[in-house]
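Please walk me through this structure.

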Amino acid sequence: MPLSALAMSTPPKTPDAIRGTQDIFGAEAEAFAHVVETFERVRKLYRFRRAEMPVFEKTAVFSRSLGETTDVVSKEMYSFEDRGGESLTLRPEFTAGIARAYLTNGWQQHAPLKLATHGPLFRYERPQKGRYRQFHQINAEILGAGEPQADVELLVMADQLLKELGVADGVSLHLNTLGDAPSREAWRVALIDYFRDHRESLSEDSQERLERNPLRILDSKDPRDKPFTEGAPKIDDYLSDEAQDFFGKVTQGLEAAGVAFARAPALVRGLDYYRHTAFEFVTDRLGAQGTVLGGGRYDGLIETLGGPHTPAVGWAAGIERLAMLVGAGGNVAEGKLDTAIIPLGEAAEKACIALAAALRRFGLVVEMSFRGNMKKRLGRANESGAEYAIIIGDNELAAGKALLRNLNTGVQTAQPITHFGKVPLSLLDGVEFGEPPDPGTNQVFDILTNSGKKDDS
Ligand code: ATP
Ligand code: MG
């Protein structure tokens with residue numbers, strides 16, 4: 001059988017979505033949008049400026065900065081060769097791309113630069129609840145600021161965001177310092193010493209990381225490593241005076257701002273570029289995927305991309321995980337309908353389109369369904385919780401009027417079409433506007449008849 005005949009006989013199979021991606025709709029999509037909108041509002045309170053970066057970068061942007069032994073670089077990146085033979089990577093996180101943009105655009109002139117962004121990221125992970133291959137983050141960074149006040153401001157903003165989202169209950173801030181370069185090096189040596197003694201009992205991944213990057217073992221999620229992370233040397237015993245002083249200023253700032261935190265001396269982050277402050281906002285309400293927001297100071301990152309020494313600090317939060325917390329509280333619904341507009345017959349359609357446009361420009365949530373008889377349309381309006389229906393039939397059209405029906409009380413009045421879109425419908429509700437009863441005494445009538453007219457006094 002020729003191929004074309006085969007193609008005709010079997011109906012095409014719908015391709016599946018890619019594993020680990022999501023199609024988000026309904027209440028979940030509303031919760032997702034609510035997270036982004038709240039972030040947008042809060043970041044403006046702190047004057048973080050908006051930036052957009054590409055979804056893909058040259059692979060070196062990530063491989064050089066995140067650390068070769070991190071999970072992300074060693075096994076999670078979506079890297080591919082484009083048609084020109086260049087190795088590109090779908091961004092697995094924001095910070096490296098932001099640092100690249102900071103350097104290639106000369107954004108140093110704006111330092112200290114407070115930046116906010118959000119969007120999709122890609123990691124080849126094992127998909128499960130709260131862990132996807134395409135996921136989304138909101139992200140905030142301060143570039144070109146070495147002061148602990150920058151760390152404090154970012155943490156206070158994160159804390160306010162979680163409170164305004166209504167998810168702060170049961171989410172706690174775990175805070176650590178990784179010290180400066182000398183402190184970190186001394187700690188690293190001590191960790192290697194310690195873990196060497198337990199080498200045989202560690203997971204294969206951790207055995208491999210032992211000499212090169214023992215801090216990674218502290219972040220391991222493998223249960224075989226857990227018993228040994230507890231007793232591992234703590235950074236506090238290796239902190240230089242300078243690093244201690246820096247961390248002290250961060251914790252004092254948080255206390256001044258009234259942001260609660262718990263010291264987590266074994267906390268390290270999943271990427272290697274962090275120095276000094278490192279933190280996570282953690283909850284036990286999302287099962288295994290309990291980290292909703294994480295970040296820290298990354299003073300060495302910009303140098304790995306060939307830039308000058310540039311201190312910087314930032315955080316990122318998973319939108320899906322925040323949306324799950326928001327959704328669990330049940331506090332985001334799809335927008336409520338104010339008014340349904342119902343044309344009866346073809347002639348009324350045009351008047352209704354004009355009416356709907358006028359009411360929406362006035363700021364009301366209006367829907368005019370595309371089909372159905374009066375009964376069906378009224379039924380739908382009632383179901384959607386609308387407060388009013390406005391009905392125009394042939395008789396109303398001829399008289400230049402529309403029927404305003406209160407769907408809760410059933411009270412219905414005829415109104416001149418010109419009344420709509422000027423005052424709230426509640427002011428028209430139940431009132432018959434004939435001739436002005438006593439010109440000058442009815443304020444609503446004055447607004448309705450005078451609006452749009454020139455003041456000729
Ligand atoms: P985890 O320890 O959960 O793997 P991480 O340390 O890899 O997180 P970061 O790279 O710091 O996470 O990203 C910050 C936030 O982004 C996380 O706290 C989480 O809310 C979210 N996040 C990270 N990876 C995923 C993913 N694969 N799916 C959904 N959200 C994610
Ligand atoms: Mg991870």
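**Helix packing, spaces and backbone**

In this predicted model, helix α3 (residues 59-66) packs against helix α5 (residues 95-104) at an angle of about 110°, and the two axes are 9 Å apart. Angles of 65 to 115 degrees count as roughly perpendicular. That is why α3 and α5 are described as roughly perpendicular to each other. The crossing of α3 past α5 is right-handed. On the α3 side, the contact uses Val 61, Phe 62, Ser 65 and Leu 66. On the α5 side, Ala 96, Gly 97 and Arg 100 take part. By class, this contact holds 4 nonpolar, 2 polar and 1 charged residues.

Two packed helices are described by the angle between their axes and by the distance between those axes. Apply that to the next pair. Helices α2 and α13 also pack at an angle of about 110°, with axes 8 Å apart. This angle makes α2 roughly perpendicular to α13. Their crossing is right-handed. From α2 come Ala 31, Phe 32, His 34, Val 35 and Val 36. They meet Ile 319, Glu 320, Leu 322, Ala 323, Val 326 and Gly 327 of α13. The residues of this contact divide into 8 nonpolar, 2 polar and 1 charged.

The α2 and α13 helices turn up again at an open space. The second largest pocket holds about 200 Å³. It is lined by 13 residues, and the closest to its centre are Glu 28, Ala 31, Glu 320, Ala 323 and Met 324. Which elements give two or more residues to this lining? They are α2 (27-45) and α13 (319-328).

Helix α6 (residues 148-164) and helix α11 (residues 241-257) cross at roughly 40°, and their axes come within 9 Å. Because of that angle, α6 and α11 are oblique to each other. The crossing is right-handed. Pro 148, Asp 151, Val 152, Leu 155 and Val 156 make the contact from α6. Phe 246, Lys 249, Val 250, Gly 253, Leu 254 and Ala 257 make it from α11. The contact divides into 8 nonpolar, 1 polar and 2 charged residues.

How many cavities of 30 Å³ or more does a search of the whole structure find? It finds 1. About 70 Å³ of space lies in the largest cavity. Its lining includes the leucines Leu 178, Leu 215 and Leu 271, together with Val 268 and Tyr 274. By class, the lining of the largest cavity has 5 nonpolar, 1 polar and 4 charged residues.

Finish with the backbone. Most residues other than glycine have a negative phi, and most peptide bonds are trans. Two places in this model depart from that pattern. Arg 47 has a phi near 55°, a positive value in a residue other than glycine. Arg 47 sits in the loop between α2 and β1 (49-50). The other place is the peptide bond that joins Ala 111 and Pro 112, which is cis with omega about -5°. Pro 112 lies in the loop between α5 and β5 (113-122).

How values were computed: Residues numbered from 1 in each chain as written. Chains lettered and ligands numbered in written order. Predicted model: local features only at pLDDT ≥ 70, side-chain atom pairs only at ≥ 80, totals over all residues. Heavy atoms only, no water. Axes fitted to C-alpha atoms, helices over the stretch in contact; angles between N-to-C directions. Helix = DSSP H or I, 4+ residues; strand = E, 2+ residues; numbered from the N terminus. Parallel < 35°, antiparallel > 145°, perpendicular 65-115°, else oblique. Left-handed = near helix turned anticlockwise from the far one by under 90°. Contact = heavy atoms within 4.5 Å. Nonpolar A, V, L, I, M, F, W, Y, C, P; charged D, E, K, R; others polar. 1 Å grid on protein atoms, 1.4 Å probe; cavity = no way out; pocket = protein on both sides within 12 Å on 5 of 7 lines; lining within 4 Å. Points joined across faces, edges and corners; volume = space filled by probe spheres on them.
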